[in-house]
Amino acid sequence: MEMINIALPKGRLGESVYAMFKAVGYACPAIEEENRKLVFENPAAGVRYFWVKPSDVPIYVQRGAADVGVAGKDILLEHGPDVYELADLGVGRCRMCVAAKADFQDDGARTLRVATKFSRIARGYYASLSRDIDVIPLNGSIELAPLLGLSDVIVDIVETGRTLAENGLEVKAEILPVSARLIANKVSYKFKNQAIRQMALRMAENKQQGGAL
């Protein structure tokens, strides 16, 4: 049987997505065992999984180390990998938002300072509003930036909004909804077309039926 190499994002999202793969016939018992391995395969099901950092999934897929993978729409928009997007898996749902202190109002009088790790998305959003911004790239504790006066606003992923609220911030605008997407390497999609298309179809049908998580 032809093997499909699958890049899974480490963490809670990856575990949820693996459960979806398992539910539609792509189980790999070894991945559920307690170990520190990074690569797991089940020749009987025709799959080989490996765990990678979420932001690295598109790189593995684009460069062909993985035939398919699962990545958030935020990562795909931010990095713009040359891959096929096959399906919205409907998990990992959240929002890309602009947030700031509750009393902040953008009067447009000066360049807006935006702290974010999603520079491309932020630039695109504010360009659509014809708003001049100064992007401040940060990788962690983005919420701290407006509290210490480093930025006026932040652009970041918001799931429940609890972290924002606990730090005196609130959502000022929603840029786009985010969820996990099944992506494929373009060459793999050509040469393993039937197997990958069948996988994408099963995953999409599982989502429509409410999943089996």
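**A guided tour of the predicted model**

Begin by selecting Leu144, Leu147 and Leu148, which form a nonpolar surface patch of about 280 Å². Such a patch joins nonpolar side chains (Val, Leu, Ile, Met, Phe, Trp, Tyr) within 5 Å, and like charges within 9 Å, using residues with over 30% relative accessible area and no salt bridge. Accessible areas come from the Shrake-Rupley method with a 1.4 Å probe, and for residues only the protein chains shown count as cover.

This is a predicted model, in which local features need pLDDT of at least 70 and side-chain atom pairs count only at pLDDT 80 or more, while totals for chains, interfaces and linings use all residues. Residues are numbered from 1 along each chain as its sequence is written, and side-chain values use heavy atoms, with hydrogens and water left out.

**The whole chain**

The C-alpha trace spans about 65 × 35 × 30 Å along its principal axes. Of the 213 residues, 46% count as buried, where buried means under 20% relative accessible area, exposed means over 50%, and partly exposed lies in between (1.4 Å probe, protein chains only). The chain exposes about 11,300 Å², of which carbon and sulfur atoms supply 48%. Among contacts (heavy atoms within 4.5 Å) between residues at least 6 apart in sequence, 68% join residues at least 24 apart.

Return to Leu147, which lies in helix H5 (residues 144-147). Leu147 counts as partly exposed, at 31% relative accessibility.

Next, select Asp152, in the loop between H5 and strand E9 (153-158). Asp152 is buried, its relative accessible area being 7%. Which groups does the side chain of Asp152 reach? One is the side chain of Arg110, in a polar contact of 3.0 Å; another is the backbone nitrogen of Arg113, at 2.9 Å. A polar contact is a pair of N or O atoms within 3.5 Å; within protein, one must be able to donate a hydrogen and the other to accept it, and residues adjacent in sequence count only if both atoms are side-chain atoms.

**Helix H4**

Select residues 119-128, helix H4, and colour its buried residues: Ser119, Ile121, Ala122, Tyr125 and Tyr126. They sit on the same side of H4 because they cover an arc of only 165 degrees around the axis; the arc is that of the directions from the helix axis to the C-beta atoms. An α-helix has 3.6 residues a turn, so residues three or four places apart point the same way. The exposed residues Ala127 and Ser128 are carried on the face turned away from the buried side of H4.

What covers the buried residues of H4? The cover includes helix H3 (73-79), strands E6 (94-101), E7 (112-116), E8 (133-137) and E10 (169-178), and E9. After H4 comes Ser130, with a positive phi near 55 degrees.

**Val158 in strand E9**

Move to Val158 in strand E9, a buried residue with a relative accessible area of 5%. Not counting residues up to four places away in sequence, Val158 touches Cys94, Arg95, Cys97, Leu164 and Val171. The C-alpha atoms of Val158 and Val171 are separated by 8.6 Å, with the two residues 13 apart along the chain.

**Salt bridges**

A salt bridge is a side-chain nitrogen of Lys or Arg within 4 Å of a carboxyl oxygen of Asp or Glu, and the whole structure holds 14 of them.

- Select Lys186 and Asp82, whose side chains meet at 2.5 Å, N to O. Lys186 lies in helix H7 (residues 186-191) and Asp82 in the loop between H3 and strand E5 (84-88), so the pair ties together parts 104 residues apart in sequence.
- Select Arg181 and Asp88, whose salt bridge is 3.7 Å, N to O. Arg181 lies in strand E11 (residues 180-184) and Asp88 in strand E5, so this pair ties together parts 93 residues apart in sequence. Arg181 is buried at 13% relative accessibility, whereas Asp88 is partly exposed at 24%.
- Finish with Glu166 and Arg162, whose side chains meet at 3.0 Å, N to O. Both lie in helix H6 (residues 162-166), 4 residues apart, about one turn of the helix. Glu166 is exposed at 56% relative accessibility, and Arg162 is exposed at 59%.

Methods
Helices (H or I, at least four residues) and strands (E, at least two) are DSSP runs, numbered from the N terminus.
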